[in-house]
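Okay, thanks for coming, everyone.

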Amino acid sequence: MPNVLIIDDEREVCTFFLHLLEGKGYCVKLGSNGKDFSAFIQQYSFDLALIDVKLPDTNGLELLKQLKAIQPSCKAIIMTGYSTVKTAVEAIKYGASDYIEKPFDDIDELEKTIEELLDNKLHASQHDMYKLAEALGFVVGMNKEMNDLIKLAYKVAKKNVNVLIEGETGTGKELLARFIHQASMRYDQPFIGINCGALSETLLESELFGHEKGAFTGALKEKKGIFEIANRGTLFLDEIGEASLMTQVKLLRVLETGEYLRVGGETVRRTNARIIAASHVNLSQAVKEKTFREDLLYRLDVVKLTIPPLRERIEDLPVLVEHFLKKLNCALSFSDDAILQMKQYRWPGNVRELFNVVKRAVTLAEGETTIITPDYLPEKIKTETNIPSVPSDETKEKEMNLPSYLTNWTNYILSLWEKNERRLDLPRVFDAVKDLEAQIGRFFVLKALKETLGDKKEAAERLNITVRQLRYLLKEKGTAAKE
Ligand SMILES: Nc1ncnc2c1ncn2[C@@H]1O[C@H](COP(=O)(O)OP(=O)(O)OP(=O)(O)O)[C@@H](O)[C@H]1O
């Protein structure tokens, strides 16, 4: 019989779950604060915990972290009010299986979610997730960050929240947006994309909101905007960072109220389109530079998904190449050294650039050979080598991705080893070795900090180093290397 823990300070919520779950034969424990949680978690082992975000003495995220540290196999659902949806999405990143919004208006859906978690159907739904990605030609690969990203995307797809996708050009932002649309309840409604950078201000406004006849010179007929066409579907606002400040104000109004006016119109119209916005520039930075409105960013990034650049998931290059060869219907293959060379390149144009390189190589090689060697690669790929990327401060929270760093590092050293060139820049190898030491130190520190909920002293003790060394490994400013 599954053991379920409910932590909520609203009596009615607790009573509701007690009736619902005891009726199914589950064993239910009720608590109303962090203290109750600690007492129960020491005493019993749970299969599922439903935790409210807002509690009188703590918040649900803290409890979730403790739960995952003490009873990692216990599933968790976070309960939230609409205004705390952002926190709920954070919770999924910390290991919650799902979140539910209060008040609960779809009890059947709620029961289904709970039953699926307890029956371990999560695995089956992940299977569906990979099948959907495959059907859309979206290669997920082995990279942990990409896998976490797609799992989060799949979970939030079913919720009616706006999503912001950030990532360098060509990383697959639009493909991910399509994946979210297909995984959502809106899959049978239109998915409409618009590039906010490609149109002038007036045209963009008229594309978004539509216009009335005679609204401006050239507006000979009335026209529906894409907010109207994508109603009940998904609206993909690509390069949102390029929208003018005026357009941003108008977008903000629609996002706040769901209402808008056609250009030159007076009738207030409503839209129920779900917004997925994408940007290759970092919008928080754009806010600092005053080119993007903070209130609009707040509305858009209820869920933020950042796609890593290809060079940070280079272990997946072979499977992407394989996928593109299939897509091109081509029986050729790449030689090992061609793949190795490609792994050394920085790929500023990311997956799109990779696709173009594969297409070019296939065109050149067809009729000449069945194995594509480095000779068929562009000159820049043959000459440029890529030092394994050092995780930036901004990504340090989410990465925890030691295996992928180690794979990159090993590939890099092996490529130098196997290059068989007469000259080798040994100091570069030494730099890479130094980098390896620093990064491994940092990965262990980040892991320890996660386990100690950010307590630097405790983390340093666990690692047998001083707090000062720990801060140095985190590259905190003003910390000297040695004591
Ligand atoms: N994970 C992937 N699997 C398969 N194909 C991919 C993947 N990521 C990107 N692509 C392909 O790369 C190309 C660029 O992808 P997409 O247009 O989604 O990128 P983007 O980030 O939206 O680009 P931009 O910033 O230039 O708008 C497309 O042809 C897409 O199919």
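So, strand 13 (residues 274-279) is largely enclosed by the rest of the structure, because six of its six residues are buried. Buried here means 20 or more other C-beta atoms within 10 Å of a residue's own, with C-beta atoms placed from the backbone. Strands are DSSP runs of E, at least two residues, and helices are runs of H or I, at least four, all numbered from the N terminus.

Before I go on: it's a predicted model, so local features need pLDDT of at least 70 and side-chain atom pairs 80 or more, while totals for chains, interfaces and linings use all residues. Numbering starts from 1 along each chain as its sequence is written.

Back to the strand. In a regular strand, side chains alternate between the two faces of the sheet. Here both faces are covered: Arg274, Ile276 and Ala278 are buried on one side, and Ile275, Ala277 and Ser279 on the other.

What does strand 13 pair with? Strand 6 (residues 163-166) runs parallel to it over four bridges, with isoleucine 165 partnering alanine 278. Strand 10 (residues 234-238) is also parallel to strand 13, again with four bridges, and there leucine 237 stands opposite alanine 277. Pairing needs at least two DSSP bridges between the strands.

Now the domains, whose bounds come from an automatic or database assignment. Domain 1 covers 3-120 and domain 2 covers 130-306. Their C-alpha centres are 32 Å apart. Six residues of domain 1 contact six of domain 2, meaning backbone-placed C-beta atoms within 7 Å. On the domain 1 side, helix 4 (residues 85-93) gives the largest share, five residues.

How values were computed
Contact = placed C-beta atoms within 7 Å. Buried ≥ 20, exposed ≤ 12 C-beta atoms within 10 Å, placed from the backbone.
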